[in-house]
Amino acid sequence: MIPLLSLLLLLLLLLTLHPHRTFAAHCTTTTATKTFEKCMPLPSQEASIAWTFHRHNSTLELVFTGSFISPSGWVAWGINPNSPEMTGTRALITFPDPNSGQLVLLPYILDPTVKLQKSPLLSRPLDIHLLSSSAALYGGQMGTVHNGATIQIFATLKLKPNKTKIHHVWNRGLYVQGYSPTIHPTTINDLSSVTTIDVLSGLSASSPNTNIKTLKLVHGITNAISWGIMLPTGAVTARYLRHIQSLGPTWFYVHAGIQLSAFLLGTAGFAIGIHLGQMSPGRVYGLHRKLGFAAFFLGSLQTLALLFRPKTTNKFRKYWKSYHHFVGYACVIIGVVNVFQGFEVMGEGGSYAKLMYCLCLATLTGVCVALEVNSWVIFCRKSKEEKLRRDGILRGHEKTIGDETHDRH
């Protein structure tokens, strides 16, 4: 189990450090056409922003740098005059014109109907003092829109006097229907693309999404360890340790301790997931949520089963064992599947964290195979010895009867 624990610690370390990777995005104050005074990397999608604030007339010149995730996709940047969230954002969205293929930049207002997807997003004039705007691909006229292509959105705004804290919102999507950008992906990075920057001091303020991101990280780590590692480990101890006679009843206490600890830790992760659902109305990860409820329900049944565990002499003991095995293995399978589903929800489908988790499972599977082979070898050896012993006893018995018969005659 030592390699398994080592891999588990590495998984925890990678999951903890991974969110900081997005903050390492490069930012620059220099573009092909203009130089700005300040710049700041944004906390998701490897985006950045640079700006110059003219205090004497409250004019803000800025450039947002992002990237496309599809040749037919879109990239958006905007400001929310009221709060750090998507709803209410005044956005500039750039994408290839569906008719000419040339890059276009159009204004949009993201009202509540957009978040609920009740109607397509249509371009309309902004009700903020936008003096100018433009968009350009990195590489100038030779640049082409492709997956990973860098885009820069330039804007000049007239701010209200003494209002220097700006709520910036940005995102990107896979494709556009006509001139209507479709919904963006809903991974943790895509849902946390909001920040508040004081353009005068250059400081960034935390937003509510920061708390959501932290909770999602804790939720993911907790459930990966409990449902994805500890629960299968507990099942392995019950299957293979109970046949070791020298351990006596110790195997049961080890098994029950691991499973109970896994369930308590998993309950905490499940509660955090419920709280996250309440904090993010309109964002429901259907399959992940259903699998989570199923795993928690089965885990609760297993825990309650300990209270009603019949004695070995009870005639209902065999039915309880069948129930316990079926529910236990079902809980393990659903828990592991849901951990993988969680990686997809968090946008970590191709991450090192997922790779390390796969290595943990592979290690545990290797241990199971080795123990299973060893169990079969021991079983076959005992069966052979038992057969030889029975044959020896029978033959010896037959020989004794034959000698007695011969003596009588």
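Me: What is the relative accessibility of arginine 239?
Reply: This is a predicted model, in which local features need pLDDT of at least 70, side-chain atom pairs count only at pLDDT 80 or more, and totals for chains, interfaces and linings use all residues. Residues are numbered from 1 along each chain as its sequence is written, and side-chain values use heavy atoms, with hydrogens and water left out. Buried means under 20% relative accessible area, exposed over 50%, and partly exposed in between (1.4 Å probe, protein chains only). Arginine 239 counts as partly exposed because its relative accessibility is 37%.

Me: Which residue forms a salt bridge with arginine 239?
Reply: A salt bridge here is a side-chain nitrogen of Lys or Arg within 4 Å of a carboxyl oxygen of Asp or Glu. For arginine 239 the closest N and O atoms of the pair are 3.2 Å apart, and the partner is glutamate 372.

Me: How many residues apart in sequence are the parts that glutamate 372 and arginine 239 tie together?
Reply: Helices (H or I, at least four residues) and strands (E, at least two) are DSSP runs, numbered from the N terminus. Glutamate 372 is partly exposed, because its relative accessible area is 22%. Glutamate 372 lies in helix H8 (residues 352–408) and arginine 239 in helix H4 (residues 208–241), so the separation in sequence of the parts they tie together is 133 residues.

Me: How many salt bridges does the rule give?
Reply: Besides the pair of glutamate 372 and arginine 239, the salt bridges include aspartate 111 with arginine 124 and lysine 354 with glutamate 344. By the rule, the count is five.

Me: How far apart are the closest N and O atoms of aspartate 111 and arginine 124?
Reply: Aspartate 111 counts as partly exposed at 25% relative accessibility, and arginine 124 also counts as partly exposed, at 35%. In their salt bridge, the distance between the closest N and O atoms is 2.9 Å.

Me: What distance does helix H7 reach from its first C-alpha to its last?
Reply: Helix H7 covers residues 317–345, 29 residues in total. The expected span of a helix is 1.5 Å times one less than its number of residues. For H7 this expectation is 42 Å, and the model comes close to it at 41 Å.

Me: Which cysteine is joined to cysteine 27 by a disulfide?
Reply: A disulfide is a pair of cysteine sulfur atoms within 2.5 Å, and the count by this rule is one. Cysteine 27 is buried at 19% relative accessibility. With the sulfur atoms 2.3 Å apart, its partner is cysteine 39.

Me: Which hand does the link of cysteine 27 and cysteine 39 have?
Reply: Cysteine 27 lies in the loop between helix H1 (2–17) and strand S1 (38–41) and cysteine 39 in strand S1, so the pair ties together parts that are twelve residues apart in sequence. The angle about the S-S bond is 45°, and the link is right-handed.

Me: Which helix holds histidine 255?
Reply: Histidine 255 is buried, with a relative accessible area of 11%. Contact means heavy atoms within 4.5 Å; not counting residues up to four places away in sequence, histidine 255 touches Gly234, Ala235, Thr237, Ala238 and His324. Histidine 255 lies within residues 250–279, which form helix H5.

Me: What is the mean pLDDT of the chain?
Reply: The predictor's confidence in each residue is given by pLDDT, from 0 to 100. In this chain 84% of the residues reach 70 or more, and the mean is 82.
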